[in-house]
2 protein chains.
Amino acid sequence: MYACTFCFDLEKEGAHIVTRKEVAELARVSEATVSRVFNGVGPMKEETKQRVLEAAKTLNYHPNAIAQSFARRRSGNLGVVLPYVPKVHLFSTYFFSEILSGIGSKVREKGYDLLLMLRTMEEESDYSDIFRSQKVDACIILGAGDTPQERDQLKRLQEAGHPFCLVNQHFPGERFNEVDADHEAGSYMAVRHLLQKGYRRIAFLNGSPQFSSSDDRRKGYERAMREAGIEPAGYPHWYYEGNYSRTSGYRAAARIYEHREEIDAVFSANDRMATGLMQGLREFGWEAGRDIAIIGCDNSDAARVTDPPLTSVGVPFYEMGSLAADRLLSLVLQEGEPFQLKLGTQLVVRQSCSKR
Amino acid sequence: MYACTFCFDLEKEGAHIVTRKEVAELARVSEATVSRVFNGVGPMKEETKQRVLEAAKTLNYHPNAIAQSFARRRSGNLGVVLPYVPKVHLFSTYFFSEILSGIGSKVREKGYDLLLMLRTMEEESDYSDIFRSQKVDACIILGAGDTPQERDQLKRLQEAGHPFCLVNQHFPGERFNEVDADHEAGSYMAVRHLLQKGYRRIAFLNGSPQFSSSDDRRKGYERAMREAGIEPAGYPHWYYEGNYSRTSGYRAAARIYEHREEIDAVFSANDRMATGLMQGLREFGWEAGRDIAIIGCDNSDAARVTDPPLTSVGVPFYEMGSLAADRLLSLVLQEGEPFQLKLGTQLVVRQSCSKR
DNA sequence: TTGTAGGCGTTATCAG
DNA sequence: CTGATAACGCCTACAA
């Protein structure tokens with residue numbers, strides 16, 4: 001009998017939404033006091049506090065986050081913008097899932113929530129829309145490229161005073177908040193590695209030019225070559241350009257194979273293109289690591305799966321995401337300065353460039 | 001001079017947050033009328049409507065989403081729970097990014113937003129917490145497994161009347177909302193394909209048992225074998241179990257190679273394990289498609305990258321996500337019934353099982 | 001067709 | 001230390 005009543009009550013509570021008011025009544029204090037207890041502000045008698053907490057527990061009270069956001073005029077959400085291209089995987093999902101994980105862990109640590117916004121390409125939507133609805137307090141923009149439109153939109157965001165941050169992308173000449181990786185240094189290391197192994201005729205397979213990492217990698221490649229006394233500009237057949245997709249790497253294989261007399265290694269601006277390249281070359285009977293050396297970038301899962309496993313420049317995407325969220329949320333809380341950070345990269349040597 | 005004033009005004013507007021009140025004043029109507037116009041409810045004079053819209057445009061008014069949520073007592077957010085294991089990729093990121101994309105497109109189409117919740121494993125947090133704060137109106141749970149704790153939590157959610165949905169996971173005996181794929185049929189097709197190619201000694205590399213798809217795939221495998229007059233239970237060396245990670249597939253390679261006399265094909269419960277398996281076997285000098293046939297599941301990107309490319313059972317993750325979001329949000333709006341759906345799968349033949 | 005007014009569940013500011 | 005009380009921006013009967 002008692003048990004029944006108890007169960008019944010519990011079920012009712014499950015449906016009913018407990019408010020601060022009820023807690024206040026049960027604890028015989030004012031609603032304001034309940035809020036103080038839950039926000040830990042102001043001095044208060046320990047006994048009162050305990051009475052409130054107890055009442056809250058028996059009623060199973062949980063503050064309404066929406067009401068809090070409304071009253072505080074802060075959503076408590078960090079927005080993350082992802083370029084969304086259905087059925088086409090221009091970027092590696094590795095890139096995004098790592099960064100997202102990094103953001104997610106930091107955001108949770110800071111008591112925020114993550115609002116995901118998938119941006120379709122066709123849509124000319126202003127970034128400001130994201131902030132206008134007030135659903136996010138700040139926002140991290142992933143996969144942005146340096147195009148005139150993009151620059152314009154970001155500038156407007158900046159001028160409007162909306163806090164945002166870019167990850168893995170740099171806009172020269174602007175002072176946007178950014179967390180980037182030192183792709184130049186990473187590429188330099190990779191190409192140096194090839195040179196030390198005795199390769200001299202090293203081609204470069206670049207990605208889409210609107211991403212700053214493409215430019216950085218090209219610079220690293222050229223610096224290493226020039227330091228070795230080789231001027232890559234003198235060899236037109238050493239430069240190829242894809243769009244970071246596996247397919248574009250696959251297509252490059254044909255062109256590269258055409259000039260096989262002048263090439264004994266390829267440095268690719270990401271792993272996806274490198275895997276496509278390996279696959280394409282294999283169809284001509286060329287094996288990476290035997291007939292040609294190949295190095296990729298990102299050190300993604302794909303690099304471990306290919307045959308032979310792919311040497312690659314590791315990029316700390318997870319840490320970049322975490323750091324971006326950390327600094328950006330600090331900015332929102334008025335504690336912290338604008339930032340433009342660059343994290344180190346690391347060469348992970350595997351078999352795709354080991355022979356010789 | 002005029003231009004200057006204009007610019008100045010625009011900048012001020014960028015910082016100031018325009019409210020409904022100001023629009024009402026400029027349009028010389030009540031605030032209620034502004035709301036009606038923006039929500040398209042109730043009859044109204046076309047002229048009034050235009051006046052309001054114009055005023056809103058000149059002031060650059062956008063309704064405050066938080067305030068709307070507060071008043072409507074609906075957040076307008078769909079929660080998505082992801083298991084979050086830093087630095088460990090138990091599932092393929094492919095799986096999640098596809099489902100997430102599917103959810104994302106549907107959610108946007110319905111005017112909702114996506115709230116991402118990364119769930120760490122250690123944490124014993126009740127799923128109800130997700131709803132208590134009122135930050136989501138419904139929620140899609142990804143990567144759940146059939147464990148006693150999980151079942152308990154989901155039951156409680158159900159009893160509390162919180163709308164949720166599972167994707168790619170079935171809980172026998174419960175009536176949870178689910179969108180699953182017909183893994184049994186897919187596996188059956190895959191194994192039939194092997195049998196038709198003349199393979200008879202087919203081993204099965206399963207994934208973690210807490211996922212219903214593991215069980216389904218085992219059933220499909222067994223049904224195909226039995227129909228061919230082979231009782232797999234009679235061959236203990238035909239069953240292996242990994243945890244869906246590439247590494248677990250790699251490790252299985254050694255055990256499978258040990259019994260190579262009794263095995264000429266392997267059906268793997270996902271692509272990641274299959275790629276690990278291929279890699280492991282290669283270290284013993286065994287090539288997939290030449291010395292052994294291999295088929296995976298998921299038809300992920302990885303299946304196209306391996307050498308040889310991997311035959312795989314395609315699962316419509318994108319559509320599953322989209323469908324789940326669609327039906328779940330319909331439920332929230334009181335239009336639509338509880339659902340338990342199952343989508344078809346498809347065998348994608350590549351070279352990993354072509355020879356012979 | 002439009003306006004008035006009460007309410008949503010907090011936060012935060014003042015008195016006491 | 002604690003209790004009133006005024007916002008917060010919008011929704012929605014109900015009234016006119």
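A residue is near a molecule or strand if one of its heavy atoms lies within 4 Å of it. With that term in place, I turn to DNA strand D. Of the atoms of DNA strand D within 4 Å of the protein, 52% belong to sugar or phosphate, and the rest belong to bases.

Two remarks on conventions are needed before I continue. This is a predicted model, in which local features need pLDDT of at least 70 and side-chain atom pairs count only at pLDDT 80 or more, whereas totals for chains, interfaces and linings use all residues. Residues are numbered from 1 along each chain as its sequence is written, chains are lettered from A and ligands numbered from 1 in the order in which they are written, and side-chain values use heavy atoms, with hydrogens and water left out.

Let me stay with DNA strand D. It is surrounded by 26 residues, and the closest are A:Thr33, A:Arg36, A:Thr48, B:Arg20 and B:Ser35. By class, this surface has 12 nonpolar, 8 polar and 6 charged residues. Here Ala, Val, Leu, Ile, Met, Phe, Trp, Tyr, Cys and Pro count as nonpolar, Asp, Glu, Lys and Arg as charged, and the others, Gly among them, as polar.

Which elements each supply at least two residues of the surface near DNA strand D? They are H3 and H5 of chain A together with H3 and H5 of chain B. The largest share, 5 residues, comes from H5(B). Helices (H or I, at least four residues) and strands (E, at least two) are DSSP runs, numbered from the N terminus.

Next come the polar contacts. A polar contact is a pair of N or O atoms within 3.5 Å; within protein, one must be able to donate a hydrogen and the other to accept it, and residues adjacent in sequence count only if both atoms are side-chain atoms. A polar side-chain atom of A:Arg36 lies 2.4 Å from a base oxygen of DNA strand D. The side chain of B:Arg72 has an N or O atom 3.2 Å from a phosphate oxygen of DNA strand D.

I now move to DNA strand C. Sugar and phosphate account for 56% of the atoms of DNA strand C that come within 4 Å of the protein. The surface near DNA strand C has 12 nonpolar, 7 polar and 7 charged residues.

Phosphate oxygens of DNA strand C also have polar partners on the protein. A polar side-chain atom of B:Thr33 lies 2.6 Å from one such oxygen, and for A:Gln68 the distance from a polar side-chain atom to a phosphate oxygen is 3.2 Å. The elements that give two or more residues to the surface near DNA strand C are helix H3 (31-39) and helix H5 (65-72) of chain A, together with helix H3 (31-39) and helix H5 (65-72) of chain B.

In an unreviewed UniProt entry, "domain: HTH lacI-type" covers residues 18-72 of chain A; positions are given in the numbering used here, feature names are shortened, and annotations may be inferred rather than shown by experiment. This span is 71% helix and 0% strand, and its end C-alpha atoms lie 20 Å apart.

How are the two protein chains arranged? Chain B can be laid on chain A with an RMSD of 0.1 Å by a turn of 180° and a shift of 0.0 Å along the axis. The two copies are thus related as by a two-fold rotation axis. Copies are superposed by least squares on the C-alpha atoms of residues with pLDDT of at least 70 in both. Of the residues of chain B, B:Leu115 comes closest to the rotation axis, at 2.4 Å (C-alpha).

I close with two individual residues. A:Arg51 is found in helix H4 (residues 46-59) of chain A.

B:Gln169, in the loop between strand S4 (164-167) and strand S5 (178-181) of chain B, is buried, with a relative accessible area of 2%. The side chain of B:Gln169 reaches the backbone nitrogen of B:Ser212 at 3.0 Å.

Key: Buried means under 20% relative accessible area, exposed over 50%, partly exposed in between (1.4 Å probe, protein chains only).
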